[in-house]
Amino acid sequence: MLSNTEWAVSMLYDIVAAVDLIEACRAFVAVHEFGGFSNAAAVTEVQQSVVSRRVAGLERHLGNRLFERSSRRVQTTALGESLVPMAQDLVRQADRFDMYARQLIDAPMTVALPGNISVIESAGLAAAARAAGTRLIVSRSGSAAERHGDVRASRVRAALIAVPPDQARWSVPLGVAGTEERGVLPFLMESIRPSPRTRTRTCRVLIQAEDDVPHIRDNLVRLAARRALTPEQCVVTSSLVDAVSDVLSGADLLLCSQKEATEFGLAWRPMGEMPIVRGYAVSARIHEDRVLLEEQLFRLIGNCVGAVREPS
Amino acid sequence: MRSWLEVEHEVRSILTPVGLDASVCARDLSSREEVSIAGDRVYPIASLAKVALAAAVLERLQDGTLDRATPVPLLPDLLADSSGLAGTSQFRHPAVVAVEDLLYLSVALSDNRASDALFDLVPPSDVQLFLVRMGIDGMTVRHRFSELTSTGLEALDDRDVGLRQSLVIGERTAGGGHTVAQFDISRASSGTARGMVELLDLCWSDSGVEGGFDRHHLRTLMSQNVIRHRLAPEFDADATVWASKTGSLGNLRHEAGVVTHDDGQQIAIAVLSASSVRAAKQPAAEAALGAVARLVHEHLRVVALRRRRDAPRRKS
């Protein structure tokens with residue numbers, strides 16, 4: 001019998017040689033089930049010397065014999081008999097793991113992308129992915145928080161999440177879009193400072209759910225407070241449709257990318273006082289998924305989100 | 001004429017968009033008709049306490065304990081943070097100012113240094129006793145004004161105004177308490193809108209120098225208030241006199257005063273407010289406070305005019 005210390009040390013080796021343990025169990029179960037080393041080797045199509053080595057390794061690890069090799073027939077020891085069920089479970093679990101992993105890898109890759117990507121653009125991405133050997137299924141969501149939640153809960157395999165520009169793979173400079181054509185001069189928050197004396201309708205900057213993140217929302221709110229705007233002049237809207245409708249019918253402005261402004265038929269100006277930038281990065285558990293999005297589809301995704309060509 | 005309920009509703013619709021929570025109290029000083037919204041909510045009153053201090057000093061001048069011409073030496077405290085303060089608070093050299101002139105500086109310029117020089121003569125506890133004697137229970141004076149600028153938040157420089165405001169707004173505790181003593185109603189000089197109106201009523205109740213303190217003098221000082229950006233824009237006119245005191249600290253913006261119309265009607269108005277916007281300078285909030293004061297004032301004005309119109313009919 002091994003001492004407690006020796007048990008502990010051998011457990012450590014087990015963690016490192018986990019696969020070896022599974023293969024050893026596979027061999028052990030086969031020898032038990034098929035009544036001998038040569039039979040086990042024949043049925044499992046593994047060399048007999050390998051089967052013997054694996055069983056011997058397991059016995060050495062346990063410090064006890066699993067089979068009596070004294071007579072011509074191989075006899076399973078009492079310990080061996082007790083361990084067979086659990087060894088069978090281990091092997092079964094390992095196989096199930098392999099199958100599940102393969103399913104995941106062979107399954108189509110679901111990816112959550114920002115809501116402002118069009119149907120045509122999504123189709124273009126899927127086509128490019130297919131050419132690279134992956135079936136891509138695109139879902140679109142206008143909420144950065146929702147996409148992040150989906151990938152963390154494994155409802156999708158990958159997502160484009162919102163990050164501060166210094167961590168981003170794609171950067172999208174934001175500005176304000178409105179109905180009035182005001183040329184190319186940058187927009188200053190101070191220009192919509194309320195004038196209580198003249199009582200003109202105050203102009204609001206509307207922030208969409210996509211930009212409801214600290215590096216965009218909080219920077220803008222702080223800037224608004226410093227420029228003596230009222231809190232209602234810089235708000236997050238729950239509905240992009242409502243926001244665009246407010247912009248179309250009044251003096252309000254929508255915080256968005258130049259690409260979005262063009263799509264909505266609005267005039268766009270970049271932010272003047274401080275740069276406000278959407279940053280996108282890939283969140284994906286599987287390395288190949290990440291590589292597909294960050295490398296192979298890099299340009300295409302950049303075009304879809306309206307990113308600027310900048311060394312990242 | 002609109003109901004008071006409608007006025008209340010409109011007040012809220014003016015305050016909410018600019019991030020303000022406010023208490024209002026207004027009283028027609030002749031008819032004693034009074035209206036209020038959250039009139040008994042307690043706030044730290046900041047410089048509004050200077051009105052009580054002035055009244056207490058005037059009482060001492062009246063009874064002879066103090067002489068109006070007594071020269072008071074003022075030594076500058078060059079280490080103190082005096083940003084945003086006015087008058088002798090900005091003096092860099094020693095000066096000598098008479099007691100009566102300190103009163104003017106304190107009330108009309110909200111001069112902290114001059115006020116503390118008056119507190120040297122009539123300590124906060126004595127001012128508090130004065131209030132109790134006068135039956136004003138909606139106000140408590142606890143400390144000197146130098147305490148208002150030694151919160152520790154002054155260490156944050158001007159770029160961090162938003163941070164300073166965030167700390168003031170965020171460190172509130174239940175029931176009006178605060179991590180920072182100057183904003184804690186149990187440790188700072190504090191009061192209610194109704195308490196301020198009571199004090200104003202006291203100051204406007206006599207036309208002369210009888211009984212207690214020279215109310216006429218105090219009324220004159222308040223009419224000479226140079227700080228006129230909050231409620232004054234709504235009341236200033238050649239036909240009216242708006243005499244008031246403002247109080248500003250952190251996210252608190254207050255003003256209490258009396259508008260005297262040339263037809264004799266006098267209406268006392270007190271507005272005490274707290275902002276949830278992380279900015280020190282908020283013109284939109286100041287304008288909103290003015291609009292609220294104006295609304296409430298108009299309600300009382302119309303009520304009084306109606307009463308005057310209806311009175312002869314009732315007799316016949």
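Q: Fine, so what are the conventions here?
A: This is a predicted model, in which local features need pLDDT of at least 70 and side-chain atom pairs count only at pLDDT 80 or more, while totals for chains, interfaces and linings use all residues. Residues are numbered from 1 along each chain as its sequence is written, chains are lettered from A and ligands numbered from 1 in the order in which they are written, and side-chain values use heavy atoms, with hydrogens and water left out.

Q: Where is Asp252(A)?
A: Asp252(A) sits in the loop between helix 9 (240-249) and strand 9 (253-257) of chain A, where helices (H or I, at least four residues) and strands (E, at least two) are DSSP runs numbered from the N terminus.

Q: Is Asp252(A) buried or exposed?
A: Asp252(A) is buried, with a relative accessible area of 1%; buried means under 20% relative accessible area, exposed over 50%, and partly exposed in between, with a 1.4 Å probe and protein chains only.

Q: And which side chain does Asp252(A) join in a polar contact?
A: The side chain of Arg204(A), at 2.8 Å. A polar contact is a pair of N or O atoms within 3.5 Å; within protein, one must be able to donate a hydrogen and the other to accept it, and residues adjacent in sequence count only if both atoms are side-chain atoms. Leaving aside neighbours within four places in sequence, Asp252(A) is also in contact (heavy atoms within 4.5 Å) with residues including Ala177(A), Gly178(A), Asp246(A) and Val247(A).

Q: Val247(A) is in helix 9 of chain A, so which residues of that helix are buried?
A: They are Ala243(A), Val244(A) and Val247(A). These cover an arc of only 95 degrees around the axis, which puts them on the same side of helix 9 of chain A; the arc is that of the directions from the helix axis to the C-beta atoms. On the other side of helix 9 of chain A, Val241(A), Leu248(A) and Ser249(A) are exposed.

Q: What do the buried ones pack against?
A: The buried residues of helix 9 of chain A pack against strand 6 (170-178), strand 7 (205-207), strand 9 and helix 10 (258-264) of chain A.

Q: Switching topic, how much space lies in the largest pocket?
A: About 1400 Å³. On a 1 Å grid over the protein atoms alone, a pocket is an open set of points with protein on both sides within 12 Å along at least five of seven lines, a cavity is a set where a 1.4 Å probe fits but cannot get out, and lining residues have an atom within 4 Å of a point. The largest pocket is lined by 43 residues, of which Ser83(B), Gly84(B), Ser248(B), Gly250(B) and Ala280(B) lie nearest its centre.

Q: What about the second largest pocket, which element gives the largest share of its lining?
A: Helix 10 of chain B does, with eight residues. The second largest pocket has a volume of about 860 Å³, and its lining has 28 residues, with Pro196(A), Arg197(A), Ala284(B), Ala287(B) and Ala288(B) nearest the centre.

Q: How many cavities of 30 Å³ or more are there?
A: The structure holds one, and the volume of the largest cavity is about 40 Å³. Residues of both chains line the largest cavity, among them Leu229(A), Pro231(A), Val18(B) and Lys281(B).

Methods: Points joined across faces, edges and corners; volume = space filled by probe spheres on them.
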